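Colleague: Could you walk me through reading contacts, cores and burial in a model like this?

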Amino acid sequence: MKNIVVLISGNGSNLQAILESCEANMPNAQVAAVFSNKAEAYGLERAKLFDVNGHFVNPNAFESREKFDAELMKQIDEYQPDVIVLAGYMRILSSAFVQHYLGKMINIHPSLLPKYPGLNTHQRAIDAGDKEHGTSVHFVTEELDGGPVILQAKVPVFEDDNADALTARVQTQEHTIYPMVTKWLVDERLTMRDGKAYLDGFELGEHGYATE
């Protein structure tokens, strides 16, 4: 049984999608634990509903990011994780944390990377007049939102869109592709070597896996 550990900071809708996917089509995997840096994160309630251990680790109890991450790693490693999933985890990770889980930690970012790393991606896409927007699943490296892309999903941007409408459209796609990529990693179809993502032994391009 492969152990998945999910890190969250908020609502946890992608966590919900992964929990449901584990029950439906990942018989060889389980979400072993959920960790949050926010005590009030609703994702911790979602974990409880699935009988998954949820943990709040308070960053204010540590004098540095590095010491917080060291404690977080210690607690995560008690679950012997095979896959680390960042699902709306809103903290910059220390170098030691990234290196410790390099190649088995993934993140989902609400833009078509390399466009719009960082925050406020939906509004930035609207302000730029983009006709399409989307989301990207990528391996986590020390470059913020800069790890190799694994899979993207695109959505249209309509003239009357606001950030909330675009967010909802993007999240619908996220809830499909994030469990899919998690399963690829669980099934050992997905690897990272020399800063590149590989699926079934084939190197993925800048925008990840594409059937087009």
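Colleague: Which residues does Val6 touch, not counting residues up to four places away in sequence?

Modeller: A contact means heavy atoms within 4.5 Å. With residues up to four places away in sequence not counted, Val6 touches Leu15, Val31, Ala33, Val34, Phe35, Val85 and Ala87. Bear in mind that this is a predicted model, where local features need pLDDT of at least 70, side-chain atom pairs count only at pLDDT 80 or more, and totals for chains, interfaces and linings use all residues. Residues are numbered from 1 along each chain as its sequence is written, and side-chain values use heavy atoms, leaving out hydrogens and water.

Colleague: How should I read a nonpolar core, and which residues touch the most other members of the largest one?

Modeller: In soluble globular proteins, nonpolar side chains tend to be buried together. A nonpolar core is a set of buried Ala, Val, Leu, Ile, Met, Phe, Trp, Tyr and Cys residues joined through side-chain atoms within 4.5 Å. Buried is under 20% relative accessible area, exposed is over 50%, and partly exposed is in between (1.4 Å probe, protein chains only). Here the largest core has 36 residues, and Ile4, Val6, Val31, Val34, Ile106 and Ile150 touch the most other members. Another core, of 20 residues, lies apart from it and includes Leu72, Leu93, Tyr101 and Val140.

Colleague: Is His109 buried or exposed?

Modeller: His109 is buried, because its relative accessible area is 4%. Leaving aside neighbours within four places in sequence, His109 contacts Tyr116, Pro117, Gly118, Thr121, Thr135, Ser136, His138 and Asp145.

Colleague: And Ala210, buried or exposed?

Modeller: Ala210 is exposed, because its relative accessible area is 53%.
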